[in-house]
Amino acid sequence: QPSGFSSLSSCRRINRNKNNKMGFSRFVEVGRVVLITYGPSAGKLATVIDIVDQNKCLVDGPEEITGVSRQVISYSRIQLTDLKVNIQRNARAKTLKAALKEADTMAKWEGSEWAKKLAAKSKRASLSDFDRFKVMLAKKQKSKIIAQKIKE
Amino acid sequence: VAGGLCPSSLSPATMPHMTRGGVKLYQVVGRKAPTEADPKPPAYRMKLFAPNEVIARSRFWYFMHQYRNMKKTTGEILDVNEIREKDPRTIKNYGLWLRYDSRSGTHNMYREYRALKLTKAVDAMYSEMAGRHRTRPRSVQIIRSAVVADEDVKRPNTLQFLEANRAKFPLPHRIQRAPSKKMRSTFLARRPSTHFN
């Protein structure tokens with residue numbers, strides 16, 4: 001099955017906009033929370049404060065919360081998330097921080113499947129040899145239980 | 001091409017590779033050297049874009065001997081200062097009035113750019129002129145540069161991103177970029193998905 005199909009169907013589930021003929025639910029707009037995927041801030045969240053043009057936007061962590069300083073960043077370096085914050089264009093760091101807190105965005109992000117997958121990936125990459133041994137034992141136990149169930 | 005003088009291009013109308021590293025805004029003040037006949041010549045101030053102070057001084061004389069009766073040998077530069085952006089935190093609309101040489105003549109142009117700093121807008125202008133019109137930085141003279149208020153913006157491309165128009169758009173055809181050069185792969189087992197919305 002072509003890889004595009006599954007993401008389209010999951011998109012329709014998230015989409016709450018009734019007029020959405022194009023099927024997009026994530027937009028570049030003021031307040032959109034984005035994940036930075038390239039550069040020194042890779043792996044960190046930021047919010048779009050303002051849009052420069054069709055290739056780049058102004059983004060802020062805010063620095064206190066996510067470690068991303070206020071900067072212009074290209075869309076090729078970010079990925080849009082489902083989360084959005086209610087802020088005005090060019091919001092100051094203080095306002096942004098308050099808005100994020102009110103919407104509890106960081107907690108929502110941490111609870112999302114995307115964030116969990118990223119966390120699992122980074123955990124797996126940082127395992128020590130002993131941890132990998134423990135993983136192997138756990139996998140063996142799991143497959144033993146499954147095999148038993150199948151037998152029954 | 002090294003970021004310095006190209007021996008083959010040393011002529012009065014040329015400029016060393018101007019855009020490497022981006023331009024800065026300099027204020028250069030100079031005057032004709034005082035003589036017995038004219039002990040207090042008027043000083044002229046020029047704001048120009050150059051990658052460094054050395055080129056700023058050079059460009060000062062380039063323009064001054066075109067518009068006033070003075071040149072480097074008969075004059076002196078009193079002061080060179082870099083002008084930093086006063087407000088590098090808000091996006092502004094910059095209008096740039098240029099004069100450039102094309103292959104068959106010289107023309108005036110007005111271009112608009114949205115950027116945080118004037119120098120970034122000027123960098124974008126040089127890149128865009130090179131891309132769209134094949135003009136080299138040496139062929140471009142900036143007549144005037146200014147912050148343009150939202151009401152006075154002319155170009156439709158700039159207009160669509162103004163605050164009043166509340167731009168909101170998806171990123172339809174996303175081509176994924178590896179987070180680092182090391183993680184780039186030349187071949188993939190499956191065709192990558194481009195739909196992330």
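In the predicted model, domain 1 and domain 2 of chain B bury about 540 Å² between them, with carbon and sulfur atoms giving 62% of this area. On the side of domain 1 of chain B, the residues that lose the most area to domain 2 of chain B are F49(B), R59(B) and F63(B), which together make up 68% of what that side buries.

The two domains follow the division of chain B into domain 1, covering 24-33 + 40-83, and domain 2, covering 92-160. A distance of 23 Å separates the C-alpha centres of domain 1 and domain 2 of chain B. Eight residues of domain 1 of chain B and seven residues of domain 2 of chain B take part in the contact.

Polar interactions across this interface were also counted. Between domain 1 and domain 2 of chain B there are zero salt bridges. One residue pair is in polar contact across the interface of the two domains, with both residues at pLDDT 80 or more.

Within domain 1 of chain B, the side that touches domain 2 of chain B draws two or more residues from each of strand 1 (24-32) and helix 1 (53-67) of chain B. Helix 1 of chain B provides the largest share of that side, five residues. By residue class, the side of domain 1 of chain B that touches domain 2 of chain B consists of five nonpolar, one polar and two charged residues.

Note on methods. Residues numbered from 1 in each chain as written. Chains lettered and ligands numbered in written order. Predicted model: local features only at pLDDT ≥ 70, side-chain atom pairs only at ≥ 80, totals over all residues. Heavy atoms only, no water. Domains from an automatic or database assignment. Contact = heavy atoms within 4.5 Å. Buried area = accessible area lost by both parts, 1.4 Å probe. Salt bridge = Lys/Arg side-chain N within 4 Å of Asp/Glu carboxyl O. Polar contact = N/O pair within 3.5 Å; in protein donor to acceptor, adjacent residues only side chain to side chain. Helix = DSSP H or I, 4+ residues; strand = E, 2+ residues; numbered from the N terminus. Nonpolar A, V, L, I, M, F, W, Y, C, P; charged D, E, K, R; others polar.
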